[in-house]
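Dear colleague,

I am passing on the structure that I would like you to look through when you have time. My notes on what was found in it come after the coordinates, so that you can read them side by side.

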Amino acid sequence: MSSHYDFKAIEAKWRDKWRQEKTFRVITDPNRKKFYLLEMFPYPSGKLHVGHLRNYAIGDAIARRKRMDGYNVLHPIGWDSFGMPAENAAIQHKSHPHKWTMGNIEEMRNQFLKMGISYDWDREVATSHPGYYKWTQWIFARMFDEGVAYRKKSFVNWCGPCGTVLANEQVIDGNCWRCDSQVVQQEREGWFLAITKYADDLLGGLQELADGWPERVLTMQENWIGKSFGAEVEFTVEGTGEKLMVFTTRPDTLYGATFMALAPEHPMVRELIRGTEHELEARAFIDETLNQDATERSAEGTEKKGVFTGRYARNPMNNEKIPIWIANFVLIEYGSGAIMSVPAHDQRDFDFAKKYGLNIRVVIVPGELMEKGDTDNLIENSNNLREAYTGDGIMVNSGPFTGRHNRQEGIAQVAEHLKKNGIGRQTVNYRLRDWGVSRQRYWGAPIPMVHCDKCGVVRVPDEQLPVILPTDIEFHENGGSPIAKSDEFIKIECPKCGAPARRETDTMDTFMCSSWYFNRYTSARNDMALAAKEDLDYWMPVDQYVGGIEHAILHLLYSRFFTRFLHDIGVTGFQEPFRRLLTQGMVIKDGAKMSKSKGNVVSLDVMSDRYGADATRLFILFAAPPERDLEWSDAGIEGSFRFLGRVSRWMESAMGIIRKGGEAPAGLDGLPSQAAAVRRATHKTIAKVTHDMERFQFNTAIAAVMEYMNTLGAANLEDDPVSRAIMVEAAESILLLLAPFTPHFCSEMWERMGKPGAIVDQPFPIADSACMVEESIEIVVQINGKLRGKFSVAPGAPREELERLALANEKVLPHMGGKPARKVIVVPNKLVNIVI
């Protein structure tokens, strides 16, 4: 087989040619229509496996097809090269994050080149390069100028023996991943970005994306922003007079609040428990709860736990004294971190009240029970309820609001009462919280701020950017950030007053770097701005973004936030970064997602060495639609390899005829039947592949080419000018159709055919409808709508002829039973329906 398809020699030849000639290098050209194709930013974690390839093979097929359609295609690549995994790996391998990262980039760059991905390598960027993070720091500094970046206290995971803050992923069963010591919660000041200022804009912008983004992703973002309408209500702590602000979406149930629940992180918690008989128990509960993942704490199946503070608050609606509890299911991220608990009408509160013997009071009853007058027992025996009633109904036990319908009147009237009496107000709340971007880690972009005893916090001036992260510094095995102990890094003069000052030693969350990178690709070597305006105006926004569903929330939301901020300060002229989004499914092996941690990866190098880059790409695209999960199959990739070998052998056997060439008339008229059949199959395949590729259904497009190959293999054309012309058209078409999927192979075969110009510069074939006309078509015959027969006729047969043939059909006549036709409905080229 290798004599027909020497993939190693072919692929090495073409990847070297493309790189030397910079085939995929593009420039801003306002005279050409542009297409910006981008796959999500790769993290240089080590060698790629075949699961990684799927994202890039999909993107490359789109990019190559758009180039063939005449677009000026920007298809860049770079590296999201800062981050905690590099530190962890450096600790494991007793290396340095910079060295480990650069080594991985080199490995992955070579793999991308080997796979023939059509990147413009002149635009390659790495977020850990000072020329890139200078602009990450510039964006942060501008956010500080605009009041979007600010400092506040928050709780972090702290490992004492390691002397460092840990990410949630580094806390395993409450212990440090490295030294196995217990992790505690420590309150520290850190930097935050006020993304909540953009919550409404981000929510409203989803409507603009409805035609280009998957509905599932839009829903996930909408839920993450989590806009809810309700009221803020002021409860007063008994004995201290302090105010506890609560957000509720159900002010109509205020009279049913029988206890309050606070998040363990609530700023008033420790003061509330101080000096009470419950203090020790409460402190232990707080420490235990804070070491749990917040999402897990609030999950539906997690046991709801709590502890009494020993304090009470006054319900502002009825002045009732109700106990204040601390509960694991209350999160500081939602509302104010304090809730009023109405167990009769909230199932979570109901379960908690039952567990701890707290009072339950019904304040809403279904309308049908009110009509029957069957409510006294329900109201008087609320504590005997079996579950919470969460529906709408008539308000009871609700003072002056008793008798109102809760939804139609109650919510608005109670909210108005709160406002009028100065104890609350109508408001909007968001699940979205401001984004904490401080990381007490080393391998990240330094935050460009200075702490001065005289001036306070001062941002580094633009002309002093970037603040360089030293890479020649010793990286400690315990994982603590070395810059936090480096006087050379820390000590600086205040940019404002010149007095001795200290650099900020926190570094930025790596999402900061990946939230604007798509802009940098448009001007990757620009030293004067994050991107030139003319380049941004021409290339942005990204026309097609490709990546995994796991990035549906944070990365995409942060990118949208950054884009809106840059628009607001006049850097860009657009508000959404990605016009269209394709989220590909996972690659599955042995029943699980292919990943290094599961030990089920298939080496990309091994597959490309054994079968070639093109066969590997072809299988990845053929095995499943992009949005579905793909089950890895060794037999499948062997099949893709055999198919390319088959195409190679057919091309070689037909090469003599192809090189002679010939001429054929347009359409199908006058062609011998075999030649007509091949031309018809050629143009029907072009039409099918064109249609499927526009919908990114690469699997069915490739299947159509495989089926077409069967037609070509079975054809027995004469060696005459007309047949030779049909054969040339067929050979050209199969290569042009496969070129986006198997570029090395098709480039080589195109060259062997003696065709002028490279195949990457050829237009995608266009189907000719005149060449797809069938010799005969099948007409369905129905009687009263039921299928009773079929017959074949020439396309375009007149209505009268179709009616005559249907009424005379030998399979139809018995079903008519000698009855006359009351009506005959003819749909040309499709069916005849006889009504009897």
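The notes below go from the whole chain to a sheet, a hairpin and a single side chain.

Please keep in mind throughout that this is a predicted model. The protein chain has 836 residues, of which 54% are buried, and its secondary structure comprises 28 helices and 34 strands. Taken along the principal axes, the C-alpha atoms fill a box of roughly 105 × 85 × 50 Å. Among the contacts in the chain with a separation of 6 or more, 73% are between residues 24 or more positions apart. The chain exposes about 36,700 Å², and carbon and sulfur atoms supply 47% of that area. As for charge, there are 101 positive and 110 negative side chains, and the centres of these two sets lie 2 Å apart.

The sheet I would point you to is an open one of four strands, with parallel pairing and the order β2-β1-β26-β27. Its edge strands are β2, at residues 72-74, and β27, at residues 581-584, each of which pairs on one side only. From one strand to the next, the twist averages 20°. Within this sheet, β1 (residues 34-39) runs parallel to β2 and is joined to β2 by three bridges, and Tyr36 has Leu74 of β2 as its bridge partner. Helix α2, which covers residues 50-68, packs on the sheet and touches β1, β2, β26 (544-548) and β27, while the direction of α2 makes about 170° with that of β1.

Glu778 stands opposite Ser792 in β32. These two strands form a hairpin with two residues between them, and in that hairpin Asn784 takes a positive phi near 50°.

Gln137 lies in helix α5, which spans residues 130-145. Is Gln137 buried or exposed? Gln137 counts as buried because its relative accessibility is 0%, where the cut-off for buried is under 20%. If neighbours within four places in sequence are left aside, Gln137 is in contact with Pro446, Pro448, Leu465, Pro466, Val467 and Met508.

Conventions
Residues are numbered from 1 along each chain as its sequence is written. This is a predicted model: local features need pLDDT of at least 70, side-chain atom pairs count only at pLDDT 80 or more; totals for chains, interfaces and linings use all residues. Side-chain values use heavy atoms; hydrogens and water are left out. Buried means under 20% relative accessible area, exposed over 50%, partly exposed in between (1.4 Å probe, protein chains only). Contact means heavy atoms within 4.5 Å. Accessible areas come from the Shrake-Rupley method with a 1.4 Å probe; for residues, only the protein chains shown count as cover. Lys and Arg count as positive and Asp and Glu as negative; His and the chain ends are not counted. The place of a charge is taken as NZ of Lys, CZ of Arg, CG of Asp or CD of Glu. Two strands pair if DSSP finds at least two bridges between them. Axes are lines fitted to C-alpha atoms, for helices over the stretch in contact, and angles run from 0 to 180 degrees between N-to-C directions.
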